[in-house]
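Please keep the sequence and the model in view while reading.

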Amino acid sequence: MADRELFEGFALQAVDQKGRVAIPADLRAAAERNSDIRQIVVGLHPYDPCLSAHDLSWSKEKYERLDRKEQQAADRGEDADPRAKRRAFGQVEKAPFDDSGRFVIPPFFKMKAGIQKWALFYGSGETFDIWAPERLMNDPDADPTLREICEYLCQAKGVTL
């Protein structure tokens, strides 16, 4: 993990009718440094009503971490969560991106996250989140600073939610 580039920063990006959107430059640069393949892995965030995405090399790290957790549980005589790997690796889709970072948000995940014309990207270290701004602004449990960032970006781009 020490040599991985972290996903940091935020941006509001337009989504076209085909569901294409550009990964913001800082996040795209991190994904490109972390993996030789221009592809991200997209799935539902485990806690928030948004998407979570990461580069391919994080999938391998995540698998190793889940494997260690299973082994530690077995060493303690406990059962590991049998659904953990299914959620982490079965409930995701890979999405290739081009030189400018454009990719198509997988339709199922786009629908589940409520993403329409705009997507808020937000770095979270090993991963980054992709929010529908409308959903974020209406989520009473969302981080107040994140909502403030979203409101600021929408105003700066003239976006009315």
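Does Phe108 count as buried, exposed or partly exposed, and what is its relative accessibility? The model is a predicted one. In it, Phe108 has a relative accessibility of 43% and therefore counts as partly exposed.

**Aromatic rings**

Three aromatic pairs are found when the whole structure is searched. One of them joins Phe108 to Phe109: the ring centres are 5.2 Å apart and the planes meet at 75°, so the pair is edge-to-face. The cut-off for this class is an angle over 60 degrees. Elsewhere, ring pairs connect Phe7, Phe121 and Phe128 into a cluster.

**Two loop residues**

Gln91 lies in the loop that runs between helix H3 and strand S5 (92–96). Its relative accessible area is 48%, so Gln91 is partly exposed. Apart from residues up to four places away in sequence, Gln91 touches Gly43, Leu44, Arg86 and Phe109; Phe109 is also a member of the edge-to-face pair described above. Gln91 and Val42 are separated by 49 residues in sequence, and their C-alpha atoms are 8.8 Å apart in space.

Thr127 belongs to another loop, the one between strand S7 (118–123) and strand S8 (128–131). With a relative accessible area of 15%, Thr127 is buried. When residues up to four places away in sequence are not counted, Thr127 touches Phe7, Ser52, Ala53, His54 and Trp58. Of these, Phe7 also takes part in the ring cluster.

**The largest pocket**

What is the volume of the largest pocket? The volume is about 750 Å³. The lining consists of 24 residues, and those nearest the centre of the pocket are Pro46, Lys62, Ala84, Arg87 and Ala88. At least two lining residues come from each of strand S3 (39–44), strand S4 (51–55), helix H2 (56–75) and helix H3 (84–90). Helix H2 contributes the most, with seven residues.

**Cysteines and helix H5**

A disulfide is a covalent bond between the sulfur atoms of two cysteines. How many disulfides does the model contain? The count is zero. The sulfur of Cys50 has its closest cysteine sulfur in Cys150, at 12 Å, which is too far for a bond. Cys150 is likewise in no disulfide, and its nearest cysteine sulfur, that of Cys154, lies 4.2 Å away. The cut-off in this reasoning is 2.5 Å. Cys50 is buried, as its relative accessible area is 1%, and Cys150 counts as buried at a relative accessibility of 1%.

Cys150 is also one of the residues in contact with Met137; the others, leaving aside neighbours within four places in sequence, are Arg147, Glu151 and Leu161. Met137 is located in helix H5 (residues 133–137). The C-alpha atoms of Met137 and Glu64 are 35 Å apart, and the two residues are 73 residues apart along the chain.

The table below gathers several accessibility values.

| Residue | Relative accessibility | Class |
|---|---|---|
| Cys150 | 1% | buried |
| Met137 | 27% | partly exposed |

Definitions and conventions. Residues are numbered from 1 along each chain as its sequence is written. This is a predicted model: local features need pLDDT of at least 70, side-chain atom pairs count only at pLDDT 80 or more; totals for chains, interfaces and linings use all residues. Side-chain values use heavy atoms; hydrogens and water are left out. Rings of Phe, Tyr and Trp (its six-membered ring) pair if their centres lie within 6.5 Å; planes under 30 degrees apart count as stacked, over 60 as edge-to-face and the rest as tilted. Buried means under 20% relative accessible area, exposed over 50%, partly exposed in between (1.4 Å probe, protein chains only). On a 1 Å grid over the protein atoms alone, a cavity is a set of points where a 1.4 Å probe fits but cannot get out, and a pocket is an open set with protein on both sides within 12 Å along at least five of seven lines; lining residues have an atom within 4 Å of a point. Grid points are joined across faces, edges and corners, and a volume is the space filled by probe spheres set on the points. Helices (H or I, at least four residues) and strands (E, at least two) are DSSP runs, numbered from the N terminus. Contact means heavy atoms within 4.5 Å.
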